[in-house]
Amino acid sequence: MKSKTSFFNKTIFLKNITHFWPIWLMILVWNLFIMPFMIFNSSLQYKMLNNITEQEISILRSNDILGIVAVYANPVILFVFSVIAVMAVFSYLYNSRSAYTIHALPVTRKELFITNYVSGLLFLIIPEIVGFLMGTLVSAVCGYTSMNHLLTGMLCAGGLSIIFYSFTVFISMFTGQLMAVPIFTVILHFLFVGCRSLVALLMSMISYGMPVDLTESKMDVLSPLFYILRHFRLRYDYVDGSEYMVCLGFTGKTIIIGYLLVSLCFAVAAYFIYRIRNMETAGGLISIHWICPLFRWGVAFCGGGLFSILLCSLMGFTSAKSIFIAAIVFAIIFGTVCFFGAQMFLEKGFRVFQKKRLVECSAFLLIFGCLYVAIEMDLFGQEKKIPELSQIETAYLDNYYMMGVSDEALIEKILEIHQQMIDSKKEFESFAEKSQETSYVSVSYKLKTGSSLRRSYYIPITEELLDDSTSVVHKIAELACVPEIFKGELFGTNSEDIEPLNSTMDLYDENGDVENYEFSIEDSKKIYEAVIADIDAGNFKEHILRRYFRNDISESDYYNTINLEFISKENDEKPRTQKGNNYVETSTGSAYIAFDKNCGNIIQTLIEIGAIEQEEDLITTKEKNAQDEKLID
């Protein structure tokens with residue numbers, strides 16, 4: 001008999017409950033294990049804790065609850081449960097006999113869809129509610145007071161379940177095979193990120209200066225599971241009265257609300273697709289005809305692009321021209337293979353070389369090849385892109401060491417070097433084909449908008465070019481000699497915020513025996529002041545320049561290296577506590593300071609504090625090598 005309601009069928013609902021009860025039981029057991037059991041088990045540890053304040057116990061209990069709730073609302077687990085529930089309640093769609101039998105009953109498609117949608121969703125929501133209620137009860141008995149965290153966890157878990165469930169229902173309407181549902185669901189949840197990464201790898205392989213940039217993008221929101229995993233997580237910070245970081249709750253709750261609204265729209269769209277779905281497609285890979293070209297083109301694009309990148313990487317081409325030719329050839333070959341491979345899955349046979357498919361494949365390959373050519377010819381402007389000076393907050397240049405600058409004059413120098421590397425594309429690529437005397441240089445910018453831009457190059461690096469004031473390597477070396485930049489290289493922070501702790505240096509006698517000389521805190525401060533004085537006086541310039549393949553490095557640089565440990569104090573103006581109080585965060589660091597004969601302040605300080613009697617007590621790299629050879633003989 002037909003249901004009295006026009007949107008819900010009680011008989012089908014009860015059938016789903018009784019037929020798929022193992023799914024209910026599995027999800028319920030999981031929730032009961034995570035919430036009440038883990039909360040009770042966690043509470044047992046406090047019976048063994050001594051010499052701990054009530055405030056610390058309260059913080060630890062709050063951390064325990066949040067940690068358990070994070071497992072309870074784990075997006076991956078909820079995603080798996082959602083896919084299982086969808087596959088269960090809509091399983092009749094993937095078998096021709098079952099599909100025709102169900103739809104021959106005196107029920108409308110609206111009733112079937114809504115009844116199955118609701119019953120599958122209850123598989124997820126009811127066990128979560130039961131787990132929350134039992135967890136709340138056990139928490140109260142065990143003395144936990146952070147009940148708000150449990151409620152937040154239940155709301156987040158319920159929202160995530162609806163999101164993943166609704167997206168999976170939508171995806172399930174496009175296929176006629178049961179096992180394709182989880183495969184397509186996982187693919188579509190990561191499709192945008194995967195395609196973006198593929199294009200990034202492709203551009204880094206073909207484009208001049210483009211690095212492998214797989215950093216996060218705002219558009220990653222088009223890959224729901226990936227985006228949620230990156231943004232829905234526990235937040236740790238400092239709070240008043242605590243010397244260590246504590247868990248303050250979840251970040252990304254607003255993201256769940258946004259995805260929840262969108263997922264409900266997808267659920268409505270799934271209903272309308274279900275109404276027009278042809279039951280004859282049961283057993284087929286794709287159930288909606290107009291999706292088939294998208295499937296073929298998507299598989300061909302991803303397969304062709306991925307195989308072209310892999311093979312070019314394995315074959316180890318050095319010429320930019322050879323890389324491009326190989327990449328486009330491999331892309332066409334494997335793009336064709338993947339195109340007709342996808343068609344074989346659609347046809348469930350090997351007769352796929354019809355005329356219309358050949359024409360369609362030719363159109364795809366033409367567009368695919370044009371994409372490669374456009375990247376090679378820089379039609380998108382990715383190779384020549386340089387931000388304006390007014391847009392840059394900080395510029396970084398990484399050659400042997402990372403140089404970061406915020407001063408406009410220094411940023412302009414980095415922009416000048418970057419522009420010269422772009423203009424020297426043909427020269428640098430030609431040099432790299434013939435010689436291995438190249439050095440890796442990375443240029444990156446942190447923009448005032450919060451975004452960033454990074455490029456990387458292999459530049460020629462020879463002694464002749466180092467002496468040429470117009471060459472890129474000479475300009476980079478000169479930039480590295482700027483006092484403020486070299487201080488940042490050594491200490492990684494503003495030198496005014498450095499407080500030396502202690503320092504050591506190895507001293508060698510005529511026989512090569514070593515003594516580890518330890519400086520006092522007072523002497524370490526004198527050493528630090530001497531290092532700063534030599535940097536400001538430009539005494540490190542020749543030492544810095546000699547790391548670019550100078551032959552006299554062994555005769556000029558001392559083998560004795562000072563290891564200076566320090567505390568860096570950085571005033572953090574951002575609120576770091578719940579009440580917004582500021583504080584000074586300290587961190588320790590160490591600097592390994594190599595110096596040469598030009599560093600007179602360091603040498604004189606070493607003599608004054610008694611580490612050495614005269615400069616001859618220091619040993620150059622050349623002299624140390626001679627000692628080692630003598631010992632070997």
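V107 is found in the loop between α5 (96-104) and α6 (109-142), where helices (H or I, at least four residues) and strands (E, at least two) are DSSP runs numbered from the N terminus. The structure is a predicted model, in which local features need pLDDT of at least 70 and side-chain atom pairs count only at pLDDT 80 or more, while totals for chains, interfaces and linings use all residues. Residues are numbered from 1 along each chain as its sequence is written, and side-chain values use heavy atoms, with hydrogens and water left out.

V107 has a relative accessible area of 16% and is therefore buried; buried means under 20% relative accessible area, exposed over 50%, and partly exposed in between, with a 1.4 Å probe and protein chains only. Leaving aside neighbours within four places in sequence, V107 is in contact with N9, I12, I102 and L112, contact being defined as heavy atoms within 4.5 Å. The C-alpha atoms of V107 and F7 are separated by 9.4 Å, although these residues are 100 residues apart along the chain.

F13 belongs to helix α1 (residues 10-19) and counts as buried because its relative accessibility is 16%. Residues up to four places away in sequence not counted, F13 touches F8, T115, S119 and L122. Between the C-alpha atoms of F13 and F340, which are 327 residues apart along the chain, the separation is 42 Å.

The description now turns to the largest pocket. About 1100 Å³ of space lies in this pocket. On a 1 Å grid over the protein atoms alone, a pocket is an open set of points where a 1.4 Å probe fits, with protein on both sides within 12 Å along at least five of seven lines, and lining residues have an atom within 4 Å of a point. Grid points are joined across faces, edges and corners, and the volume is the space filled by probe spheres set on the points. Of the 30 residues that line the largest pocket, F184, I187, L188, H189 and L191 are the closest to its centre. The elements that give two or more residues to this lining are α7 (147-172), α8 (180-206), α10 (253-276) and α11 (291-315); α8 gives the most, with 10 residues. In helix α9 (residues 224-231), the buried residues are P224, L225, F226, Y227 and I228. Their cover includes α4 (75-89), α7, α8 and α10.

With a relative accessibility of 1%, Q343 counts as buried. Apart from its neighbours within four places in sequence, Q343 is in contact with R296, V352 and R357.

Two residues call for attention to their backbone angles. Most residues other than glycine have a negative phi. K348, in the loop between α12 and α13 (355-376), has a positive phi of about 55° although it is not a glycine; this residue counts as exposed because its relative accessibility is 57%. D378, in the loop between α13 and β3 (392-398), likewise is not a glycine and has a positive phi of about 60°. D378 has a relative accessible area of 9% and is therefore buried.

Helix α14 (residues 408-423) has 16 residues and should span 22 Å at 1.5 Å a residue, and its end C-alpha atoms are 22 Å apart, which agrees; the expected span is 1.5 Å times one less than the number of residues. The buried residues of α14 include L410, I411, I414 and L415.
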